[in-house]
Amino acid sequence: MQAKHLLGLAELSAADIEEILNNAVPMKQVISRDIKKVPTLRGKSVVMLFYEPSTRTRVSFELAGKYLSADTVNVTTGLSSVSKGESLFDTAKTVQALGADLVVLRHPSAGASHLLARLIDVPVVNAGDGMHEHPTQALLDLFTIRERKGSIKGGKVVIIGDVLHSRVARSNIWALTRFGADLHLVAPPTLLPAGIEQTGVTVHHRPEEALVDSDVVMVLRLQRERQRQGLIPGVEEYAKLYGLNAERLNLARPDAVVMHPGPINRGVEIADEVADGTRAVITDQVTNGVAVRMAVLYLLALGRMN
Amino acid sequence: MKLLIKGGTVVDPAARRMYRADVLVEGDRVTAVDKRLAGGDARVFDAGGKLVFPGLIDMHVHLREPGQEYKETIATGTRAAVRGGFTAVAAMPNTKPVADTPAVIRYVLEKAREAGLARVYPVGALTRGSRGEELSEIGELKAAGAVAFSDDGRPVAGAGMMRRAMEYARMLGVPVISHCEEPSLAAGGVMHEGLVATTLGLRGIPAAAEEVMVARDLILAEMTGCHLHVAHVSTAGAVRLIREAKARGVRVTAEATPHHFTLTDRAVADYDTLAKVNPPLRSDADVAAVREGLGDGTIDVIATDHAPHASHEKNVEFDLAAFGLVGLETAVGLVFTELVADNVLDVPAAVAKMSLNPARILGLQAGIIEPGAAADITVFDPEAEEVVDPALLAGKSKNTPFGGYRLKGVVYAAVVGGRVHLRDR
């Protein structure tokens, strides 16, 4: 892997993405074993700095580190100097001085991982920064699509939901367009970021227009506060206009898969019958997330050792 | 004390011409401008090959004193000014406390006198505390020395308040400088709204945030007859609105900054907080429109919006970083490198936008070199080049996005009231 850090997929080369996805295959085999442990990162420490609440991503990274025999430490807002007003600058210096071999950062400000990578001499993995990127989520999505569909190239992928605030959507847009997917976005204009139509995607306001003959449908979580912010009239109208239900899903190809980065708002962006249906691969995504994160930790730590 | 500035090319922005002449200064006044003057016992200042401007005026500067002396003081800010070729600056009122009382205005003037570098013309707060709720004592502030009024950085949100402020300012014959930004459109934004912001995941400030407020203030200027000066114009739409208003006869003038005619939102890529500024760096089309507006006279003034911040206020997450950049020491070089070399402006027009025009707007007797005028003179070497090194800036803060830029044209000296401040090299 050429890159020293994993900050975002917009700047990661296709070759590096391929290498991560290829390495995730044997990692997934490790997870399926009875004894889920390999000694690859024994004696290495992974520090996870979480400035934002997150259970799923944090646990996924933590298990990825533990399966590789790394020592993992969590630093979470509210439990440390993070909440005492210590700057990211000073926290970074401290973490480096403590001897971290790799840092995983989740932060509410876009670009926080770029700042951290400039400040310390240790590989940084972006575990989500503001509305910018969530690269490991998109990598696990790519892995899942490949696993189910064989290839990404030429497949029709539809992303429905709050693209404006979604770092998951952004990471997926860069990766999926780079690998040749026919990518469609569906959202009301109030939930689409400026200039997004210039990124090689097709933008729709109605899901019915986009879903026809699609191979993959990704549903994004809708935060209820968007109503208070005046971006949508209400959650009920959103569910009615944009929620993925069985009827809408029938417009997709019969073998289409449904993905969701979680956590799910049942009855809002996705109906029960779809979330629990046979085409949903949401739990596969969770498993694949651990495999992909193992590959990322392994490749970045290896790069540092070389 | 006599000083003979010998062999230079004098720039006359009023007549829009340049001519070879010597300039004789006696005390704090220019006493003669002519070819081959005999200076007698005067100290001779060799200006051969150099341009001699009326002292440049930056009408939009944040000196931070009183209250935020860790960013800049009147002494360090005016040192940066003379080093950048400015013999006078207008100091914005968003200090701590806000310059909404005569005491603060007098304090600023006193500190400037003590520093003895560039002249400082205070801008008074338009409303008390710049809160946009009650008029400040505009008459008292004017009597104490304020030359213009503004709530810069905290635009007056209520149109009714702005109307009354403009009516009152008109009575006193002072300009109102407006930082045009509709708060509800700009809310939470940290850079220009567009594809770059989308890619970086940063909240955008749309061009419309500026344009809606420019439109409002132009309408109010037309209604009240007040002289409106639009600060730091950054969008194509704002340039167009001002151009149309001028054609209609509205009393409006406008300024643009070197960063807004030089940089686009792409300067923010990689989360460079040095390029975080308000109004934000905008698109290629906006930069082109600002240049066009400078060229056709829609934009009267080049001002820097010099906004010093300590490194700990910039070396943080982009969302948390302070808005603003320092401009006093790079402005003239950028004007010549970006505008004069590109034929957007000829030399007299460029100099007019940094001397005569701001002087007229602020009601100052300045902007021309002639017998009897105050001896405020900038000497500029158009052939010299320099690469901007932030560490070498004279101001207290070093937050410039122009580090590493090669500038064609270097300020050689600033003469303020007959006192020569040579650029230390």
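Chain A and chain B bury about 1600 Å² between them, 57% of it on carbon and sulfur atoms. Buried area here is the accessible area (1.4 Å probe) that two parts lose on being put together, summed over both. This is a predicted model: local features need pLDDT of at least 70, side-chain atom pairs count only at pLDDT 80 or more, and totals for chains, interfaces and linings use all residues. Residues are numbered from 1 along each chain as its sequence is written, chains are lettered from A in the order in which they are written, and side-chain values use heavy atoms, without hydrogens and water.

**Interface of chains A and B**
- In chain A, A:Ala110, A:Met131 and A:Ala194 lose the most area to chain B, together 28% of what that side buries.
- The contact (heavy atoms within 4.5 Å) takes 24 residues from chain A and 16 residues from chain B.
- One salt bridge is counted between the chains; the term means a side-chain nitrogen of Lys or Arg within 4 Å of a carboxyl oxygen of Asp or Glu.
- A:Arg118 forms a salt bridge with B:Asp270, with the closest N and O atoms 3.8 Å apart.

**B:Thr378**
- B:Thr378 sits in strand β16 (residues 377–387) of chain B; strands are DSSP runs (E, at least two residues), numbered from the N terminus.
- B:Thr378 counts as buried because its relative accessibility is 0%, the cut-off being under 20% relative accessible area (1.4 Å probe, protein chains only).
- The B:Thr378 side chain reaches the backbone oxygen of B:Gly85 at 2.7 Å.
- A polar atom of that B:Thr378 side chain lies 3.2 Å from the backbone nitrogen of B:Leu56.

Methods. Helix = DSSP H or I, 4+ residues; strand = E, 2+ residues; numbered from the N terminus. Buried < 20%, exposed > 50% of the residue type's maximum accessible area, 1.4 Å probe, protein only. Polar contact = N/O pair within 3.5 Å; in protein donor to acceptor, adjacent residues only side chain to side chain.
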